[in-house]
Amino acid sequence: MKFLHLLSMEASHVNSSANRHIPIVRSHLRFRGWNGQIFEKDILLEPHVLQDGCKVQDGSWHQSLFSFQTQDSRQLPITDIQELTSSQPPSQQHIEVGLVCFL
């Protein structure tokens with residue numbers, strides 16, 4: 001990984017998340033990069049939401065896609081995903097970590 005970081009000027013990464021909330025409750029996700037930095041809404045390293053299936057509130061599975069692009073290749077790949085919730089009803093989630101492209 002260190003070799004890829006040294007040879008790359010930027011990187012991109014796409015992750016998908018499938019959710020089925022019972023009932024659906026919006027949550028806040030944080031993504032930790034390779035170098036420990038956090039990607040989250042309203043900060044410099046904000047993930048781009050390509051698709052937000054969590055908006056559909058019918059109790060079925062729906063997919064959300066998150067894209068990460070950075071000019072600091074050491075920030076990727078994503079190594080940890082945290083859901084920040086407080087006393088919310090139970091939910092089921094499936095997360096797939098996609099491929100990282102180093103340029």
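Residues are called buried under 20% relative accessible area, exposed over 50%, and partly exposed in between, with a 1.4 Å probe and protein chains only. The structure is a predicted model, in which local features need pLDDT of at least 70 and side-chain atom pairs count only at pLDDT 80 or more, while totals for chains, interfaces and linings use all residues. Residues are numbered from 1 along each chain as its sequence is written, and side-chain values use heavy atoms, with hydrogens and water left out.

R74 and D72 are joined through their side chains in a salt bridge, at 3.0 Å from N to O. D72 is partly exposed at 21% relative accessibility, and R74 is partly exposed at 48%.

Helices (H or I, at least four residues) and strands (E, at least two) are DSSP runs numbered from the N terminus. P77 sits in the loop between β5 (62-70) and β6 (78-84), and the peptide bond leading from L76 to P77 is cis, with omega near 10 degrees. In the loop between β3 (38-40) and β4 (48-52) lies D42, a non-glycine residue with a positive phi near 70 degrees. D42 is exposed, at 64% relative accessible area.

S8 belongs to the loop between α1 (2-7) and β1 (11-21). S8 is buried, with 11% relative accessible area. With neighbours within four places in sequence set aside, S8 is in contact (heavy atoms within 4.5 Å) with S73, F102 and L103.

Methods. Salt bridge = Lys/Arg side-chain N within 4 Å of Asp/Glu carboxyl O.
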